[in-house]
Amino acid sequence: MATVPLQAAFRGDFAMLLVLVEDEDTMEVVAQKVAYHVIGRRLPPQDAPLRVQHNGLVLLPEQTVAQASMPSMSFVEVFYDASGHHSEVDSRNYSGGSLGR
């Protein structure tokens with residue numbers, strides 16, 4: 001297991017974060033690690049699943065950092081998926097454009 005530093009932002013927040021994740025962490029875990037620094041501090045919690053966007057693609061929750069080929073200092077954006085269509089997210093063809101930025 002290797003530690004991977006990521007640049008991260010949570011949609012709606014003003015701060016850029018440096019978050020340490022493991023290469024075996026899933027996107028669900030990455031999202032939780034980023035949200036830990038924002039939710040309940042600068043943004044309120046929402047009843048919606050968290051998603052991770054990298055290089056214009058919304059990644060599958062079970063995809064790992066290694067599977068997503070994220071090198072050190074990659075930028076990710078975490079956001080709430082209010083659409084509730086988490087089962088339809090596909091990292092190969094889903095750009096996240098319909099999630100209402």
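Author: Two strands pair if DSSP finds at least two bridges between them. Strands (E, at least two residues) and helices (H or I, at least four) are DSSP runs, numbered from the N terminus.

Reader: What kind of model is this, and how are residues numbered?

Author: This is a predicted model, in which local features need pLDDT of at least 70 and side-chain atom pairs count only at pLDDT 80 or more, while totals for chains, interfaces and linings use all residues. Residues are numbered from 1 along each chain as its sequence is written, and side-chain values use heavy atoms, with hydrogens and water left out.

Reader: Which residue is the bridge partner of Pro5 in E2?

Author: Leu20 is the partner of Pro5. Strand E1 (residues 3-10) and strand E2 (residues 16-22) are antiparallel and share seven bridges.

Reader: And how many residues lie between E1 and E2 in the hairpin?

Author: The hairpin has five residues between the two strands. In the turn, Gly12 has a positive phi of about 100°.

Reader: In which sense does E1 pair with E5?

Author: E1 and strand E5 (residues 75-80) pair in the parallel sense, over four bridges.

Reader: Is E1 mostly covered or mostly uncovered?

Author: E1 is mostly covered, as six of its eight residues are buried. Buried means under 20% relative accessible area, exposed over 50%, and partly exposed in between (1.4 Å probe, protein chains only).

Reader: On to the rings: how many aromatic pairs are there?

Author: Rings of Phe, Tyr and Trp (its six-membered ring) pair if their centres lie within 6.5 Å; planes under 30 degrees apart count as stacked, over 60 as edge-to-face, and the rest as tilted. By this rule there is one aromatic pair. The centres of Phe10 and Tyr80 are 5.6 Å apart and their planes stand at 70°, so the pair is edge-to-face. Phe10 in strand E1 and Tyr80 in strand E5 are 70 residues apart, and the pair links distant parts of the chain.

Reader: Are Phe10 and Tyr80 buried or exposed?

Author: Both Phe10 and Tyr80 are buried.

Reader: Last topic: where is Asn55?

Author: Asn55 is in the loop between strand E3 (50-54) and strand E4 (57-59). Its phi is near 50°, a positive value in a residue other than glycine. With a relative accessible area of 68%, Asn55 is exposed.

Reader: What about the phi of Met73?

Author: Met73 has a phi near 70°, again positive in a residue other than glycine. Met73 is found in the loop between E4 and E5, and at 40% relative accessibility it counts as partly exposed.
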